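Have a look at it first, then read on.

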Amino acid sequence: MQRALPGARQHLGAILASASVVVKTLCAAVLFLYLLSFAVDTGCLAVTPGYLFPPNFWIWTLATHGLMEQHLWDVAISLATVVVAGRLLEPLWGALELLIFFSVVNVSVGLLGAFAYLLTYMASFNLVYLFTIRIHGALGFLGGVLVALKQTMGDCVVLRVPQVRVSVVPMLLLGLLLLLRLAMLLQSPALASYGFGLLSSWVYLRFYQRHSRGRGDMADHFAFATFFPEILQPVVGLLANLVHSLLVKVKICQKTVKRYDVGAPSSITISLPGTDPQDAERRRQLALKALNERLKRVEDQSVWPSMDDDEEEAGDKVDSPLPSDKASTLPGKGAAPESSLITFEAAPPKL
């Protein structure tokens, strides 16, 4: 253990040294607030539903609750989440877009969580849901990062045995947190933060994120139904389409627009806003690679005939009489003359 700690510190130091200012700032803020919690009460930095809404209106907690941790293992999860986002998402989006994504997810988690507990209080009239519940931590941003990884590299394999792809990790972790909550090993704000982080990040990436090809990502592999098992996808897709149609009518979401490129006479290109040609090419290459691997496994499993069988077949052919096209000759008689299709006659004498 003592030998592994220096190596881990050096590796973490190398990662942070190559990280951007945004990643370094977020990591430093998490560490600073954690150390500050030993000196003063940092509860005013977490989202408390009863204090967020008027008349108290602690609006600054929407910006600080995602950076506040109370346990060392929570700090490790926060730092790992920020570092992974910086290594995998920042090269695709840029530092500014990563900061915007972090802000959108955390503000949405704070608002949605506070509103959910407010509704719970209205149904139960229990003041615990207003003034005791505190929403904080990086689980909401962790859910957002997993959704973004599903969008950008969902086909990558996380575990080989059993085979687990990045695209199913968000819902697997949600199921695990739900089981921990049912076993009373996890507090409800943590589960709420992760769930609202999944939802808010998907809505932002699906409809509102700006990039070179417009807004959002309307690709089929990033539809809301793809987060669920295949047996539930038709039902979830139907409900999601109904909700989307309602949001389009109230002008919260935009209707999907298809663009037809008929410039080339040989083909017609249909593109959806948000779809990236590079992403499509990457998926095509992955599909070709998977097909080649499958064909290779089929060839390796096929049974080839043995050499002994070939030798036996060759011996059978030698022993058996060969068919002859020519007429067989009788003993004592000569061979029959061969017929000729061309005959020569003597030329008539000249006059």
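1. The crossing of H9 and H11 is right-handed (the near helix is turned clockwise from the far one by less than a right angle). Their axes, lines fitted to C-alpha atoms over the stretch in contact, come within 7 Å and cross at roughly 40 degrees, with H9 spanning residues 139-153 and H11 residues 188-208. That makes H9 oblique to H11, oblique being what is left after under 35 degrees (roughly parallel), over 145 (roughly antiparallel) and 65 to 115 (roughly perpendicular).

2. A word on the source: this is a predicted model, where local features need pLDDT of at least 70, side-chain atom pairs count only at pLDDT 80 or more, and totals for chains, interfaces and linings use all residues. Residues are numbered from 1 along each chain as its sequence is written, and side-chain values use heavy atoms, without hydrogens and water.

3. Leu89 is worth a click: leaving aside residues up to four places away in sequence, Leu89 touches Val84, Gly94, Val145, Ala148, Leu149 and Thr152 (contact is heavy atoms within 4.5 Å).

4. Met218 lies in the loop between strand S4 (214-215) and helix H12 (233-249). Met218 counts as buried because its relative accessibility is 11%, the cut-off being under 20%. Met218 and Arg206 are 12 residues apart in sequence and 6.3 Å apart in space, C-alpha to C-alpha.

Notes: Axes fitted to C-alpha atoms, helices over the stretch in contact; angles between N-to-C directions. Helix = DSSP H or I, 4+ residues; strand = E, 2+ residues; numbered from the N terminus. Buried < 20%, exposed > 50% of the residue type's maximum accessible area, 1.4 Å probe, protein only.
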